[in-house]
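Hi,

Here is the structure I promised to send over. Have a look at it first, and then read on for what turned up.

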Amino acid sequence: MPVCGALELQSRNILAGSVRMVYAIIYSLFLGYGITIGTSFYGGIDHHAISETSCRPSGGPDTSQWLPYVFVPPFTLCLIVINQGKWKQMPAMVIIAFAGYVVNRFSAIRFASNAQIANTLGALAVGVLGNLYSRIRHGVAAAALLPAIFVQVPSGLAASGSLVSGVTSANQINNVAGTNGGITTVSNGTQAAEATVN
């Protein structure tokens with residue numbers, strides 16, 4: 001939605017672009033509040049709900065290393081179909097989106113303490129490949145970049161901790177102490193002060 005609004009503003013369609021941008025901001029606020037309220041509500045109803053944000057090892061073969069790479073191309077194909085992309089641009093769209101995801105994933109592993117660097121490098125890879133595609137094919141890069149941008153956004157949200165913050169807020173609202181991916185959350189300040197003193 002923000003991408004469509006930005007494209008409309010760039011094409012000097014001020015009214016439609018500004019409406020889409022404001023709608024995207026309000027929609028993102030609803031999404032954030034919805035995650036927090038939904039997890040808090042469910043945590044209040046189900047007292048056996050767990051707060052873990054990553055899967056436990058199952059004892060079987062470790063598929064966590066290569067499994068995300070398998071699902072990026074089909075996800076990109078679904079995005080192309082939903083956004084009514086041109087079929088002749090489909091291979092380039094899949095390659096650009098997959099390359100951006102790979103760069104984002106490996107840079108997130110390398111720069112684990114700073115998610116902005118990983119997101120920046122993934123976006124840089126997408127931008128460079130899109131520009132290269134437009135120079136070679138003499139086409140518009142924006143159409144080839146849209147699925148890659150849609151692939152970058154969820155990984156950026158997950159890497160920045162926006163999804164984990166909803167679970168953390170739900171734990172604090174429901175007075176539950178739990179761990180979220182190595183980050184220990186304590187439900188009130190007195191327990192945190194006792195843990196610091198001891």
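**What was found**

Ala49 is partly exposed, because its relative accessible area is 33%. This residue, Ala49, sits in the loop between helix H2 (14–45) and H3. Going from Ala49 to Thr39, you cover 10 residues in sequence and 9.7 Å in space, C-alpha to C-alpha. Please keep in mind that this is a predicted model.

Now for the overall picture. The protein has 8 helices and 2 strands, and along the sequence they come in the order α-α-α-α-α-α-α-β-β-α. Of the 198 residues in the protein, 24% are buried. Among contacts in the protein with a separation of 6 or more, 56% are between residues 24 or more positions apart. The accessible surface of the protein is about 13,300 Å², and carbon and sulfur atoms account for 68% of that.

Next, the inside. In soluble globular proteins, nonpolar side chains tend to be buried together. Here, the largest nonpolar core contains 17 residues, and Ile96 and Val151 have the most contacts inside it. At least two residues of this core come from each of helix H3 (67–82), helix H4 (90–110), helix H5 (115–137) and helix H6 (141–160). H4 gives the largest share of the core, with 6 residues.

H4 deserves a look of its own. With 21 residues, H4 spans 30 Å from its first C-alpha to its last, close to the 30 Å expected at 1.5 Å a residue. The buried residues of H4 are Ala92, Met93, Val94, Ile96, Ala97, Gly100, Tyr101, Asn104 and Ser107. An α-helix has 3.6 residues a turn, so residues three or four places apart point the same way.

Which residues does Ile96 contact, leaving aside its neighbours within four places in sequence? They are Val126, Leu129, Gly130, Tyr133, Ala144, Leu145 and Ala148.

Finally, the outside. Val103, Phe111, Ile117, Leu121, Leu124 and Val128 make up a nonpolar patch on the surface, and together they have about 440 Å² of accessible area. H5 supplies the largest share of the nonpolar patch, 4 residues. Phe111, another member of the patch, is placed in the loop between H4 and H5. Is Phe111 buried or partly exposed? Phe111 is partly exposed, because its relative accessible area is 31%, and buried would call for a value under 20%.

Happy to go through any of this with you.

Best wishes

Methods
Residues are numbered from 1 along each chain as its sequence is written. This is a predicted model: local features need pLDDT of at least 70, side-chain atom pairs count only at pLDDT 80 or more; totals for chains, interfaces and linings use all residues. Side-chain values use heavy atoms; hydrogens and water are left out. Buried means under 20% relative accessible area, exposed over 50%, partly exposed in between (1.4 Å probe, protein chains only). Contact means heavy atoms within 4.5 Å. Accessible areas come from the Shrake-Rupley method with a 1.4 Å probe; for residues, only the protein chains shown count as cover. A nonpolar core is a set of buried Ala, Val, Leu, Ile, Met, Phe, Trp, Tyr and Cys residues joined through side-chain atoms within 4.5 Å. Patches are made of residues with over 30% relative accessible area and no salt bridge: like charges are joined within 9 Å, nonpolar side chains (Val, Leu, Ile, Met, Phe, Trp, Tyr) within 5 Å. A salt bridge is a side-chain nitrogen of Lys or Arg within 4 Å of a carboxyl oxygen of Asp or Glu. The expected span of a helix is 1.5 Å times one less than its number of residues.
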